[in-house]
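Here's a quick walk through some strand pairings, plus a look at one residue. Have the model open as you read.

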Amino acid sequence: MKTSMLAGSLHRFAALLLSLFTAHLVAAQSSTGAITGRVLNPATGEYIRNVEVRIEGTPQLAVSEDGGIYRLSNAPVGAVTLVATYTGHETMTTKVTVTAGGTVTHDFELAPTGSRRVGEEVIKLGAFIVETEREGQAKAVSEQKTAMNAKFVVAADNFGDIAEGNIGEFLKFMPGITLDYVETDTRAARMGGLEARYGYVTLDGNTMANAFNGSFSQDQRQFEFETVSINNIESIEVNKTLSADMPGDAPAGTVNLRSKSALDRKGMRFNYTVGLIGNQYEYTLRSTPRHDDHTHPKSRPTVTFDYSNQYLGKLGVQLNFSSTSVFKEQFRNGMTYDYTSAQAVAAGHPLITAINFKDGPKLTTKYSGGAKFDFQPWDRNLRLSLTTSYTYFSDVIANRNLNFRVSSAQSGTNAGLTRVVAAPSGANANTRLEQSGSHGNKKSDNTFLSLGYDYKRGRFSSDASFAINRARIQNGSLHMGAVDNANVQLTRIGWTAERPNNDSSSWYFTQNSGASWFDLANWGRNDAQAGNITNTRSRGKTEQYTAKLNAKYVMPWQTPTFLSAGLFEQVANRRRDQNYANTLTYVGATGNQLNAIMPASPADFRFVQWGGNLAALPVPDKAALFQLQSTNPGFFTQTVANNAANLETILSSPQSAQETVRAVYLQGNTRIGQWQLQTGARYEETSTISAVPSIVPVSKNPFAIRNANGTFSAASTPDYVSYKYSKGLVKSYGDYGDWMPSASAKYRINRNLGLKLGYNKAIKRPNLAQVAGAWSIDEANADITIPNPSLTPERSETYSAMLEYYLEPAGAVSVHLFERILNGATETFTATAQEAGYGNDPLYSSYDFISFRNIPGTTRVKGIELSYSQQLTFFRSEWLRGIGVFGTYSRFARHPRPTGFIPQNATGGLSYRYKNFSGNIGATWTDENIISYNSSTALFFAREPQYLKQRVIGDIGLAYKLGRHASLFLSGRNAFNSGKNWYFKSDHRMQQKERYGGQWTVGVKGSY
């Protein structure tokens, strides 16, 4: 049924294209004419998009598009007056004469307000500087003003210098955006009170592939910013509401990255940046050990450039490249509390059973390059485009974890929340110091290629593109010549730890007994630790193919009206596996683990962030241990169980999913007086094919262990594991379809004040783990958990109202109110083998099956988003005219309210420019939120919420112009070293703290 509906839609679309083309042929005989041209900013040499060109005294109005091209298709015959307006620029008026069926061409030059003309030349006065901030903000405001939907736009040069080119660093200052950070990294963006997976990211309207972390988790659908760069991006558009020509898989909205084009500006342009990036904790140029077992400088280079030029007025070439290497620090301190033991109950308060420190330095490297070629073979009516980019990202990290551990039974009588007394025990190893943590290298790359055209002729226009996008990721340390883990313990020791209060991380330690923890030779001598060396490598890949075709026709009516329609198809293939896993025990030259001294790394474990009295501790050399596996394999032992576990990891890992999306849409737009109305509908059809390993149950495995009572249990042997996965992959199929109507209305109250109303339906495609996740068997309960490829998406409706006031020369104030309603969440359910379709399968007929299904239920999200930005050029004093300010505030309500929901956030900033000096400061504030609940069943603190504290992150930028083509700059991200704090409110009991240090960049930038 769904396929026939889509086929019928395609037939109707073809008929519509034919009718549009026929109307296009007869339109030339109309009693009206056409006016076309381009709009140029002579001060910058750029052709301006979103300029309003209207015919005075008529409702006819056109908005310039890429390349500054505008077209009025229903111009009345005779002499008419054209008026061109653009935020922050002078208004131009001219007269042209239109003939019936003819086309007249007129180009405009709109100089920024504050410039002066001598003849046709724009003169830049001493007090007037063509500022990238102001011009960028003018573009953003004009884009928002002309859009039909609720939309926010930021120019890529609005917030200063971004060392790593991370797009998230721009998004974080936009209304309603809250970033998800993984320690130092800006990963994904939450929009409108929803998690990041509810949004969608496109590049010039083409969807972007994402390999995420190689897993099939629920967040696999969210886009992460590590593998794209800001270097070739002109602006970032955040659409809060959708129209029919946008992807429907975005209840929270979409983020579109608009790339630069050389045909959008005159002449040659070359921009460059050269600098050094350092962390406030360590910024030396000397080679020192830290994130791995080798030495490296800690102040790292960054280089970027972009070049654009036009050749023969027909070929535009845009090239860009960036190379950035950043050393980062990641410190953590956390507590493990015991609420339920007899000792804790007797004490009347929790006992601390572990004090954890993480020293996680890392080095990230990103290379990004791209090219865009735009070709106009005949005239402005046809543009052919080829866009390509490649980004490589490497993240080498040493996640060193250190646990000061004591069981409650070995806690001293004076132990409390600020004092831990660890008494040694000769009978067990419950009082110890543990070193663990994974050392690894995440390598990812993203390759993008797009071919497209944009055609305009008379009333008819069309564009199409075909894009190929591949994203890959690899995790583990095998390929970098080191082991992942080298765990070691110092046991049977006594120690005392004290801190000033419940919220402090400044611990003061005293070792009371046992071998010194400052000598690595003492570690691992008292108690064996099997399987303490591990090595892994996992891979993930997404290959995506996207094709789309759009057509638009302007109706031959005096009331400005156009119809648009389009086709879309996307095929995404996702795969992941773990192709290497190895677990061993280090026994050294003697073959006795208790006499095996691990090689010591030149790096060490540091506590510098937290104060206290601990000096750096030694850590094992993971690169040396990896080398020993080749040169001295006898230093390591491996059991049959190790081999079986390694094989299980590899054989259970392969997963793949193919998702095909086909869509068709139809949309209409018209103006009636001060109203502009738009309505449309989009139909999306989705089909999935997934493949995951099926599992032979224990009772059917000939290599299982037969117990005395006649039951079976798993055997830790390679033969058992091999047979367990001998059935290979099982394929599943699913499909669903959705109609998604949308409507929007825009009312111009006056030239600078406008109201936008919007409504749209959207979907959120199901969690990939639930559609294409791996099988698992619970033998004790005779249950098998399997994915459900027939899951349908969550479906949403959005209602939106936005009031905007535009400030000259470049600024806006807006209020955005919205409500989103989502239905179709998922739950787990249990079915018999017969109901699950396995009733006749001899392997599975005796098992129950656990899977996932959509359920009734509504999630409601309401929000208000306030935004203000302005360049204060109205001041007469030159000292004050260079001030720019911005601020946003967002508040959300959500029912039901999940953990991790962030109810409020705000941003603000100030920029200043005077003669050769410029500077900016910006900050983001994120409200505190509940991330979990205490699972304790004790009399105290049961189900107590754990909060992530509110956080303010500040950024600073300074620049001084050295000459016409160079400026010296300094920028700081997280300049005031704001970290994360998890705590319980009742007694300010700290759960965990993280600190990362400020990231500072100094360098030279300029342009020609």
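## Strands and their partners

Strand E47 and strand E50 (residues 794-807) run antiparallel, joined by twelve bridges. Strands here are DSSP runs of E with at least two residues, numbered from the N terminus, and two strands count as paired if DSSP finds at least two bridges between them. Asparagine 760 sits opposite threonine 798 in E50.

Before going on: this is a predicted model, where local features need pLDDT of at least 70 and side-chain atom pairs count only at pLDDT 80 or more, while totals for chains, interfaces and linings use all residues. Residues are numbered from 1 along each chain as its sequence is written, and side-chain values use heavy atoms, with hydrogens and water left out.

E47 (residues 753-764) also pairs with strand E46 (residues 729-750), again antiparallel. A hairpin of two residues links E46 to E47, and asparagine 750 has leucine 753 in E47 as its bridge partner.

Elsewhere, an open sheet of three strands is ordered E29-E35-E36, with antiparallel pairing. Its edge strands, E29 (419-422) and E36 (508-513), each pair on one side only. Arginine 419 is bridged to glutamate 498 in E35.

| Strand pair | Bridges |
|---|---|
| E29 and E35 | four bridges |
| E46 and E47 | eight bridges |
| E47 and E50 | twelve bridges |

Now for valine 885, which lies in strand E55 (residues 883-895).
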